[in-house]
Amino acid sequence: MREKELRLALVCYGGISLAVYMHGITKEIWKAAQASQAFYGGGTAEAARDVYFRLLKAMSDECGIEIRILVDILAGASAGGINAIFLADAISNGHSLDPLTDLWLAEADVDNLIDRDVSAVSRIAKAAAVPFAWAYSARHSGSVAQTVEPEHRSEIRGKLANFVRGRWFDPPFGGARFTTLLIDALDAMKAAAPGPPLLPHYQPLDLFVTVTDFRGHPQRLRLHSPAEVTETEHRLTLAFRDAGGVEREFADPTELAFAARATASFPGAFPPFRVSELDQVLEQRKRPWPGRAAFLKRALPRQAAIGEAENTVLIDGSVLANAPFRPAIDALQSRPARREVDRRFVYIDPKPGIRSARLTSSGEHEVPGFFATLFGALSDIPREQPIRDNLEAIEKRSSRIRGLRRILEAMRPEVEAAIERNLGSTFLLARPTPRRLVGWRSRAQNAAAREAGYGFAAYGHLKLSAVIEESTRLIYRLSGRGARPRRANIQRVLWKTVRARGINADDAMTAAGAKPEVIDFLRNFDISFRTRRLRFVARRISEVDEAGNAPRRAIEQARQAVYDLIGQYRLVAEERELDPIARARLEAVEKDPDAALAAFADILNLKSIDEESDQRLSEIFGLFPKPDRRILILAYLGYPFYDIATLPLLQGEGLDEFDPIKVDRISPDDATAIRPGGAAATLKGIQFNSFGAFFSRAYRENDYLWGRLHGADRLIDIIVSALPEGKHLAPGSVATLKRDAFRAILAEERPRLAAVQPLFDMVEKEVG
């Protein structure tokens, strides 16, 4: 059985009231991840009835491939940010999304969100507002009579009137009220019966939420002349990480509420967010926030450094970054690869081609008016900027991976010949032991240096620079971070100390080999080379597995051992509590770098892990028959040859997932199995500048139901596309599974969605 992980990096766009539609989609993603976990763990009779479970079983039975679905990277802005936060919490902590559905449907209404204080105006102002409300409802996005079903017109008109009765130029929605609803939602998820986390222990989870710093914070730039300038940066990304492990730890719900409230502060609808608003809500609920100071320092580092974290004003994340691909792409650098990986970037765009805010309904060829031009320049155009640059970055990375894979395969015969030439063709006849492995490895590394010639010096320069950069990053993090210039100072101090020890990048490593001082330095601090080599062996294990000749027990034990060792090397890079003396020495790195490096070497303890690595690798190599053992040992010993060739191409970046990336979209335009026509034919939330679902529960129920249906439609397509080339399910089975999924969703939601019962009848006829 061939194994593959379908890893989803989910990017959620903003969409205002279409957050309810996106909740339906993310709920399907959550259910697919649940089904995958059940299938991987053997499943139950109840789980086996799930459509996603049946799909995974069909792929296993008919195509011989076992797919595991992992959602491990999430990024979002505005309404998409809220959904990314809730889904990340459910995946990491095993919380249920079901209570969230009820809150969305019941509470995400204009009558609940509206600020009671702002709406309390004089009788004269209220009376004067009514005609304006009627005019608004008649002109905006078409008249109510033309766009709203007869049974909902009075509700929509009444809520539109209330919506504009507030004080002029005040946001109609209450910030504290919104914060309260978000905390209630997270609490409701936590209160429901929990399930297991939806990621294996070895897989980290990263969440990124964009916000906009309204006033901006200073950012220093280095130039030639003048030497330094300062500009104002408004973009912010709030990052949360679950590093994995048996006992997973994600984030304080209060901090998730902070991120959700900040990212969804849509200008003009919600007031800007400040931490004092959250403090007030927590005080009213008598709820402590013990990690407040540490969180603000981490979330707003530059503002905290100048004492302005308390006063920072945050607004909607979609103003400058509505499609936050960049942090999700950066997170790929730290993903462990346990088996073959099919990495997908899946982005949810609830309304392709429909702008979030429109001030005019005039045609495309008409010259925009004053307010339309101003608003478009300040907000609309940045929010709707295409994602071409992000897709090009993903394709560039994928192209680089494809090129590297070709290089590695082309080098393989020559590398294996070089190893046998330098170690003797009979060395593989001896059973591997830790002592032999150390000796073989040393001779292979010397051979790689000799045969690389003058190219080894360039490799040595890059390798040493990468180790200094990695050590700088870790010491900066483990010693409490600090202002940004401190990191550059630490790097300068480390280089000065290394050179004082006789380690000069120009002659540290030559064709004659590495100087003893360099070897000792790399043995103490080079984490990346060790993990790159182990991942290379892991890929060879997958290759042996696909060949189908090795014992299953050997494959599983080898994978487990290799990834356990990778985890041990990576664990030293994680933030953790340090011995007070060691921490003090790291904090004083600028004053006493030798003491700091000695303490850092003790913290990493790489030599001890190396001894365990030699022991475990010699054991697992011995589990394989000679032909497969030869492949794995030659990969391990030959890795210096490959690293010399590929590290300059990687520029020091380690590619944990060594596979090209594919990009998939989930939107109303793509999910056409039931009804074509996109958002206009299915969604109500697109009305009133995408605020439509806030005005009617029936609209929210409509959009939530379509979100689930569209999510199922596209997810089945995405999962099936993970099949290898040449493998197919039986004709008609995908259409049957989709139809079964739609029917299951309709049956499950009909009792809950009482306001849209006619929609169920229509959709059931369309499904057939």
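This is a predicted model: local features need pLDDT of at least 70, side-chain atom pairs count only at pLDDT 80 or more; totals for chains, interfaces and linings use all residues.
Is F53 buried or exposed? F53 is buried, with a relative accessible area of 6%.

Let's begin with the whole chain. Its secondary structure comes to 32 helices and nine strands. Of the 768 residues in the protein chain, 54% are buried. Now take the contacts between residues with a separation of 6 or more: 80% of them involve residues 24 or more positions apart.

Back to F53 and the aromatic rings. Searching the whole structure turns up 14 aromatic pairs. In one of them, F39 and F53 have ring centres 5.3 Å apart and planes at 80°, so this pair is edge-to-face. F39 sits in helix α1 (residues 19-40) and F53 in helix α2 (residues 51-63), so the pair ties together parts that are 14 residues apart in sequence. F39 counts as buried too, at 15% relative accessibility.

Another pair is made by F521 and F525. Here the ring centres are 5.0 Å apart and the planes meet at 55°, so the pair is tilted. Both residues belong to helix α21 (residues 516-525), and being four residues apart there, they are separated by about one helical turn. In general, an α-helix has 3.6 residues a turn, so residues three or four places apart point the same way. Both F521 and F525 are buried. Elsewhere, ring pairs link F240, F258, F273, W289 and F295 into a cluster.

F525 also leads us to our next stop, E470. This residue is in helix α19. How far apart in space are E470 and F525? Their C-alpha atoms are 8.7 Å apart, although 55 residues separate them in sequence. Leaving aside neighbours within four places in sequence, E470 is in contact with F525, I527 and S528. At 13% relative accessibility, E470 counts as buried.

The axes of α19 (residues 455-478) and α22 (residues 527-547) come within 9 Å and cross at roughly 110°. An angle from 65 to 115 degrees counts as roughly perpendicular, and that makes α19 roughly perpendicular to α22. On the α19 side, the contact is made by Y459, K463, E470 and L474; on the α22 side, by I527, S528 and F529. Sort the residues of this contact by type and you get four nonpolar, one polar and two charged.

Just after α18 comes G453, which takes a positive phi of about 65°.

L428 is buried, with a relative accessible area of 13%. Its C-alpha atom is separated by 9.9 Å from that of P627, which is 199 residues away along the chain. Not counting residues up to four places away in sequence, L428 touches E420, R629, R630, I633 and L634.

Another glutamate to look at is E749, in helix α31 (residues 733-749). At 0% relative accessibility, E749 counts as buried. Setting aside neighbours within four places in sequence, E749 is in contact with K27, Y704, L705, R708 and F760.

Finally, have a look at some backbone angles. Most residues other than glycine have a negative phi, and most peptide bonds are trans. S78, however, has a positive phi near 55° and is not a glycine. It lies in the loop between β2 (65-77) and α3 (79-93), and S78 counts as buried at 4% relative accessibility. N605 has a positive phi as well, of about 55°, although it is not a glycine. You'll find N605 in the loop between α25 (593-604) and α26 (606-621). Is N605 buried or partly exposed? At 39% relative accessibility, N605 counts as partly exposed.

Definitions and conventions: Residues are numbered from 1 along each chain as its sequence is written. Side-chain values use heavy atoms; hydrogens and water are left out. Helices (H or I, at least four residues) and strands (E, at least two) are DSSP runs, numbered from the N terminus. Axes are lines fitted to C-alpha atoms, for helices over the stretch in contact, and angles run from 0 to 180 degrees between N-to-C directions. Angles under 35 degrees count as roughly parallel, over 145 as roughly antiparallel, 65 to 115 as roughly perpendicular and the rest as oblique. Contact means heavy atoms within 4.5 Å. Ala, Val, Leu, Ile, Met, Phe, Trp, Tyr, Cys and Pro count as nonpolar, Asp, Glu, Lys and Arg as charged, and the others, Gly among them, as polar. Rings of Phe, Tyr and Trp (its six-membered ring) pair if their centres lie within 6.5 Å; planes under 30 degrees apart count as stacked, over 60 as edge-to-face and the rest as tilted. Buried means under 20% relative accessible area, exposed over 50%, partly exposed in between (1.4 Å probe, protein chains only).
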